[in-house]
Amino acid sequence: MFSAADHEFMTRALRLAQRGLYTTTPNPRVGCVVVHQGVVVGEGFHERAGDAHAETRALAQAGSRAQGATVYVTLEPCAHHGRTPPCADALVSAGVARVVVAMEDPNPLVAGRGLARLRAAGIQVDTGLLATEARELNIGFVARMSRGRPWVRVKSAASLDGRTALANGVSQWITGEAARRDVQHWRARACAILTGSGTVLADDPRLDVREIATPRQPRRIVVDSYLSIPVTARIFKQGETVVVTASDDTGALNALREAGVTVVEMGRPGGQVDLVRLMAWLAEQGVNELMVEAGATLNGALLEAGLIDELLLYLAPCLLGSTARGLFVLPEFTTMAQRITLDIRDVRAVGRDWRVLARVLPAKEA
């Protein structure tokens with residue numbers, strides 16, 4: 001169905017889409033290439049919400065040469081009026097002959113309507129070329145649109161025996177400088193970073209993007225059930241930080257709000273933050289990819305609730321021993337059937353450390 005040239009041009013469109021990796025949130029990352037008689041005459045990518053979409057940029061570059069051209073786009077052209085006009089209409093008006101789409105848009109406002117509009121105008125539409133690659137590029141957007149919660153990626157640094165800190169809490173630094181630099185790229189692509197009060201109290205982190213040129217910082221979300229974090233914490237010094245709590249301590253609430261911190265009350269019985277509600281709320285806020293940089297307690301609670309999609313583990317060539325702290329606080333498993341099964345997606349050296357990217361498999365797939 002698809003030729004070698006089709007694959008070449010869609011690969012080019014995907015590379016363009018990747019240029020919006022750090023900037024498009026909450027929108028998807030999209031690239032577009034316009035080809036006339038085998039020659040690229042226009043191309044573009046979506047850079048940030050409110051700016052022109054990839055198709056509009058590519059068509060503007062192509063001009064009159066878009067007439068009768070083939071268009072390669074990594075996501076179904078939109079068919080609704082949002083911040084910008086529908087891209088499907090722009091393609092029809094340009095008189096293109098064929099549109100090759102990597103994947104359909106999971107957004108209910110689109111969801112096949114863009115493809116239908118193109119076909120109704122007599123344009124040949126072919127879908128599914130490099131769909132897996134396109135989906136991976138927008139895994140968070142797909143998750144938010146299809147299930148109403150972000151793609152949750154837990155980052156942790158550990159020794160080879162799975163320990164994240166000494167028994168006294170000391171954790172700096174288990175991994176080397178190269179691994180810490182690599183983390184910045186993952187932070188930059190995340191819409192928000194989630195941590196817990198224990199991590200803030202122990203490490204006083206900033207959890208911002210450093211050493212990477214990016215026009216935006218991810219939002220920081222702190223789970224602080226009892227409002228124990230002081231307003232002087234570094235995480236409040238720059239950028240947007242939201243504290244999610246189960247506490248109704250008026251004094252602590254007012255102190256944070258007077259310091260300009262957004263506080264969201266989201267408790268459940270037992271005095272803990274309702275993590276399921278939190279994920280739904282984050283999706284409503286436009287969070288596609290959520291990066292978790294927390295301790296074993298919050299990590300364990302998220303895993304036990306079935307809310308973790310992916311683990312980003314940096315493993316250092318060292319051992320910390322059985323008394324050191326682990327990756328997750330979980331209830332005791334008494335049978336092997338209770339184990340959490342992972343799908344290893346990537347393993348590579350980062351400096352002297354190893355980076356493992358693994359996805360949590362649903363029980364039915366384990």
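Between which helix and which strand does the loop with Glu211 lie? Glu211 sits in the loop between helix H8, residues 197-203, and strand S9, residues 219-223. I'll come back to that residue. Before going on, note that this is a predicted model.

Overall picture, then. The protein chain contains eleven helices and 18 strands. It has 366 residues, and a compact globule with that number would have a radius of gyration near 21 Å; the chain has 23 Å, which agrees. Along the principal axes, the C-alpha atoms fill a box of roughly 70 × 45 × 40 Å.

Residues 24 or more positions apart account for 69% of them. The accessible surface of the chain is about 16800 Å², and 50% of that belongs to carbon and sulfur atoms. As for charge, there are 41 positive and 38 negative side chains, with the centres of the two sets 3 Å apart.

Now the backbone. Most residues other than glycine have a negative phi, and most peptide bonds are trans. Some places here depart from that.

Glu211 has a positive phi, near 70°, and is not a glycine. With a relative accessibility of 66%, Glu211 counts as exposed, because the cut-off for exposed is over 50%. Ala111 also has a positive phi, about 40°, and is likewise not a glycine. Ala111 lies in the loop between strand S4, residues 98-101, and H4. Its relative accessibility is 43%, so Ala111 counts as partly exposed.

Then the cis peptide bonds. One runs from Thr25 to Pro26, with omega near 5°. Pro26 is in the loop between helix H1, 4-18, and strand S1, 31-36. Another cis bond joins Gln172 and Trp173, with omega about -5°. That second residue, Trp173, is in the loop between strand S7, 163-165, and helix H7, 177-189.

Is Arg359 buried or exposed? Arg359 is buried: its relative accessible area is 12%, and buried means under 20%. The residue belongs to strand S18, residues 353-360. Its side chain makes a polar contact with the side chain of Glu136, at 2.5 Å. Leaving out residues up to four places away in sequence, Arg359 touches Glu136, Ile139, Trp151, Asp309, Glu310, Thr341, Leu342, Asp343 and Arg345.

Ala120 is the other one. Ala120 is found in helix H4, which covers residues 113-120. With a relative accessible area of 70%, Ala120 is exposed. Gly44 is 76 residues from Ala120 along the chain, and their C-alpha atoms are separated by 25 Å.

Last, helix H10, residues 275-284. Which residues of H10 are buried? They are Leu275, Leu278, Met279, Trp281, Leu282 and Ala283. The N-terminal end of H10 is capped by Asp274, where a side-chain oxygen lies 3.2 Å from the backbone nitrogen of Val276. Just after the helix, Gly286 takes a positive phi of about 85°.

To pick out residues to look at on screen: Arg359 with its polar contact to Glu136, Asp274 at the N-terminal end of H10, and Trp173 at its cis peptide bond. That's what I have.

Notes: Residues numbered from 1 in each chain as written. Predicted model: local features only at pLDDT ≥ 70, side-chain atom pairs only at ≥ 80, totals over all residues. Heavy atoms only, no water. Buried < 20%, exposed > 50% of the residue type's maximum accessible area, 1.4 Å probe, protein only. Helix = DSSP H or I, 4+ residues; strand = E, 2+ residues; numbered from the N terminus. Polar contact = N/O pair within 3.5 Å; in protein donor to acceptor, adjacent residues only side chain to side chain. Rg over C-alpha atoms; globule rule 2.2 N^0.38 Å. Contact = heavy atoms within 4.5 Å. Areas by Shrake-Rupley, 256 points an atom, 1.4 Å probe, with all protein chains shown as cover. Lys, Arg positive; Asp, Glu negative; His and termini not counted. Charge placed at Lys NZ, Arg CZ, Asp CG, Glu CD.
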